[in-house]
Amino acid sequence: MGRPGPAARHDDRRRTFPAVPPRAAPDGRFAATWWGNAWVEALEDTALDPARLARGRAYAGRGQVDAITVTPGRVVAYVHGSRPRPYRTEIRLRVLGDNDWERFLDTAADRPEHIAALLDKDVPHALAAVADLLPAPGDLVPDCSCPDDGFPCKHAAALCYQASRLLDEDPFVLFLMRGRGEQELLAALTRRNAARSATERTATAPELPTLPARAVLPPSTGGRALPPLPEPLLAPAQPGRPPLPPPDRDAPDPLALDLLATEAAARAHAFLTTGRDPVAELGPWQDAVRLAAAHPGSGLTASTRALYRDLAAALDRTPTDLARAVAAWRQGGAAGLEVLEEPWDPPAGPFDRARPALLAADLPAFRPWRNRLSTRTLQLRLGRDGLWYGYESDADREDWWPRGAPDADPVGAVTALMGR
């Protein structure tokens with residue numbers, strides 16, 4: 001027998017997904033996310049026959065779409081119709097050019113919260129609009145091996161509906177459709193973050209006012225008064241970035257050193273400008289969550305994933321516990337973390353008025369428990385600060401994750417979650 005060939009190289013620009021079971025969104029639409037529904041609407045807005053769309057939606061609902069393969073500019077699957085043999089069906093769309101991707105990557109790298117949102121499987125509206133990631137009416141071109149010449153036929157419509165479920169689960173599928181794989185995209189963001197940090201660290205330091213030591217402390221004053229010291233410097237608007245550690249294979253992890261130096265600079269700046277240390281009052285778990293929340297997310301680099309793992313293990317928690325707590329911290333700081341972990345019984349007042357207000361706004365009926373109002377997939381939690389914090393979960397799983405910004409109005413908090 002011949003020698004085995006090298007292992008096949010992972011192709012980041014080709015992904016195949018098993019058949020996706022449908023799941024009803026809270027508002028009755030097929031997709032659950034705003035970008036998933038934008039994908040569906042791009043086809044529905046140009047469909048010539050609503051009846052074919054309805055049949056395609058039914059096909060998707062009955063699981064008649066086989067495994068879906070996604071490559072740049074193309075979504076392909078076999079769809080079962082009324083005949084024994086399935087039809088080969090595809091949806092084509094334009095891939096983005098290099099200039100579009102450069103704008104997208106620059107915008108994402110400028111805002112750490114954008115990277116964090118992507119890693120949390122969320123797509124910020126502002127980021128999606130930078131490079132026209134989402135298809136507009138007419139951008140999706142259906143094709144099918146069936147004899148039906150409808151635009152689209154019911155098989156292509158079924159594929160389009162099921163593809164929206166993939167986008168719900170993983171927004172990086174949308175980027176692949178537009179031409180860039182997940183690892184390729186994350187690597188490009190990592191390089192931009194590194195280059196941006198290096199530029200900031202090597203920037204020329206401002207020239208500071210000085211006074212020669214011999215003028216302040218002469219050998220003998222001879223009765224003369226010493227000159228006054230310079231005026232104290234104004235505190236900078238932001239804490240500085242630490243210098244790069246010297247290369248040394250025996251030195252601690254560079255990420256850990258950078259983390260410690262950055263934390264020291266931030267704490268010193270806060271103490272200088274406010275007179276208090278914002279970290280001194282935090283417990284070990286709160287401080288670990290704060291540290292993890294300061295980084296773009298848990299999946300950008302192996303070093304950052306290791307940080308999440310090590311912080312969680314040191315406090316006898318799981319990385320999932322930490323990731324959920326980080327989402328709460330990004331949502332509302334220490335108050336957001338308290339809302340996540342400590343249910344409480346609010347007094348009569350705003351909590352009692354919330355349910356009638358939600359019903360009056362034609363929103364789903366919420367069931368109360370302590371400071372929480374819940375549906376199958378949405379939840380509001382009233383914080384001790386009087387703000388409502390939004391949460392989401394898969395239907396009937398009780399796996400609640402913080403989403404959106406806190407709001408003093410429960411109706412505003414829910415509508416923000418639902419993308420209205």
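Biologist: What makes H1 and H6 contact partners in this predicted model?

Modeller: Contact means heavy atoms within 4.5 Å. On that criterion Trp35, Gly36, Trp39, Val40, Leu43 and Glu44 in H1 meet residues of H6, among them Ala156, Cys160, Tyr161 and Leu167.

Biologist: Which residues of H2 and H6 meet?

Modeller: From H2 you have Arg52, Leu53, Arg55, Gly56, Arg57, Tyr59 and Ala60, and they meet Lys154, His155, Ala157, Ala158, Tyr161 and Gln162 in H6. That contact divides into 6 nonpolar, 3 polar and 4 charged residues.

Biologist: On to the strands. How do you know that S2 and S3 pair?

Modeller: Two strands pair if there are at least two bridges between them. S2 (residues 65-71) and S3 (residues 74-79) have 5, and they run antiparallel. As an example, Thr69 has Val76 in S3 as its bridge partner. S2 and S3 make a hairpin with 2 residues between them, and Gly73 in the turn has a positive phi of about 80°.

Biologist: What joins S3 to S4?

Modeller: There are 6 bridges between S3 and S4 (residues 87-92), again with the strands running antiparallel. Val76 turns up here too, with Glu90 as its bridge partner in S4.

Biologist: Thr71 sits in S2. Why does Thr71 count as buried?

Modeller: The cut-off is under 20% relative accessible area. Thr71 comes out at 18%, so Thr71 counts as buried. Beyond its neighbours within four places in sequence, Thr71 is in contact with Arg13, Arg14, Leu176 and Met177.

Biologist: Now Tyr389, in strand S9. Buried or exposed?

Modeller: Buried: the relative accessible area of Tyr389 is 1%, against that cut-off of under 20%. Not counting residues up to four places away in sequence, Tyr389 touches a list that includes Gln331, Ala335, Val339, Leu380 and Pro406. Tyr389 and Ala408 are 19 residues apart in sequence, with their C-alpha atoms 9.0 Å apart in space.

Biologist: What is the order of the open sheet of 5 strands?

Modeller: S6-S7-S8-S9-S10, with antiparallel pairing.

Biologist: Why do S6 and S10 stand at the edges?

Modeller: Each has a single partner strand, so one side of S6 (367-369) and one side of S10 (401-402) is left without a neighbour in the sheet. S6 pairs with S7 (residues 372-374) over 3 bridges, and Pro368 has Leu373 as its bridge partner in S7.

Biologist: Which strands does H13 lie across?

Modeller: H13 (residues 319-341) lies across S7, S8, S9 and S10, running at about 165° to S9. H14 (residues 350-360) lies across S6, S7, S8 and S9, and runs at about 20° to S7.

Conventions:
Residues numbered from 1 in each chain as written. Predicted model: local features only at pLDDT ≥ 70, side-chain atom pairs only at ≥ 80, totals over all residues. Heavy atoms only, no water. Helix = DSSP H or I, 4+ residues; strand = E, 2+ residues; numbered from the N terminus. Nonpolar A, V, L, I, M, F, W, Y, C, P; charged D, E, K, R; others polar. Buried < 20%, exposed > 50% of the residue type's maximum accessible area, 1.4 Å probe, protein only. Axes fitted to C-alpha atoms, helices over the stretch in contact; angles between N-to-C directions.
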